[in-house]
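Hello,

Here is the structure I promised to pass on to you. Please open it beside this email, and then read on for what turned up in it.

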Amino acid sequence: MSGSSGYDDIRLGDVVRMRKPHPCGSYDWEVVRLGADIGIRCRQCARRVLLPRSRFVRQVKALVSRSESTVP
Ligand SMILES: [Zn+2]
């Protein structure tokens, strides 16, 4: 990660760990949609959630795995 605070270089397929757990107990989410809102899917229960980008960035605690695909 660079020196900037937060996680703003978001890519499709990234897996991130959130600060708070989903009600199902999982902390890990996969990025499934990019835009003004970020779509993420819970890795445990597969539920999808849309979050405003600014809020998403604040809630991410760590990048678990970086997507291999190169999205321009
Ligand atoms: Zn879940």
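This is a predicted model: local features need pLDDT of at least 70, side-chain atom pairs count only at pLDDT 80 or more; totals for chains, interfaces and linings use all residues.

You will find Ala-46 in the loop between E3 and E4. Its backbone is worth a look too: phi of Ala-46 is near 70 degrees, a positive value in a residue other than glycine.

Now for the overall picture. The chain holds 1 helix and 5 strands, and reading along the sequence gives the pattern β-β-β-β-α-β. Of the 72 residues in the chain, 11% are buried. If you take the contacts between residues at least 6 apart in sequence, 38% of them join residues at least 24 apart.

In what order do the strands lie in the sheet? The order is E4-E3-E2-E1-E5, in an open sheet of 5 strands with antiparallel pairing. E4 and E5 are the edge strands, each pairing on one side only. On average, neighbouring strands of this sheet are turned by 40 degrees against each other, direction ignored.

You can walk through the sheet pair by pair:

- E1 (residues 15-18) pairs with E2 (residues 28-33) in the antiparallel sense over 3 bridges, and Arg-17 stands opposite Asp-28 in E2.
- E2 and E3 run antiparallel and are joined by 4 bridges; they form a hairpin with 3 residues between them. Here Trp-29 has Cys-42 in E3 as its bridge partner.
- E3 and E4 also run antiparallel, with 5 bridges joining them. Asp-37 stands opposite Pro-52 in E4.

Next, the core. Which residues make up the largest nonpolar core? There are 7 in all: Val-16, Trp-29, Ile-38, Ile-40, Cys-42, Phe-56 and Val-60. Strand E3 (residues 37-42) gives the most to this core, with 3 residues. A general point to remember while you look: in a regular strand the side chains alternate between the two faces of the sheet.

Ile-40, leaving aside its neighbours within four places in sequence, is in contact with Trp-29, Glu-30, Val-31, Val-32, Val-49 and Leu-51. Val-60 belongs to strand E5 (residues 60-65). Is Val-60 buried or exposed? It is buried, because 22 other C-beta atoms lie within 10 Å.

For a contrast, turn to Arg-48 in strand E4 (residues 48-52). Arg-48 is exposed, because it has 12 other C-beta atoms within 10 Å. Beyond its neighbours within four places in sequence, Arg-48 is in contact with Val-32, Gly-39 and Arg-41. Its C-alpha atom and that of Arg-33, 15 residues apart along the chain, are separated by 10.0 Å.

Enjoy exploring, and do write back with any questions.

Best wishes

Terms used. Residues are numbered from 1 along each chain as its sequence is written. Helices (H or I, at least four residues) and strands (E, at least two) are DSSP runs, numbered from the N terminus. A residue is buried if 20 or more other C-beta atoms lie within 10 Å of its own, exposed if 12 or fewer, and partly exposed in between; C-beta atoms are placed from the backbone. A nonpolar core is a set of buried Ala, Val, Leu, Ile, Met, Phe, Trp, Tyr and Cys residues joined through C-beta atoms within 7 Å. Two residues are in contact if their C-beta atoms, placed from the backbone, lie within 7 Å. Two strands pair if DSSP finds at least two bridges between them. Axes are lines fitted to C-alpha atoms, for helices over the stretch in contact, and angles run from 0 to 180 degrees between N-to-C directions.
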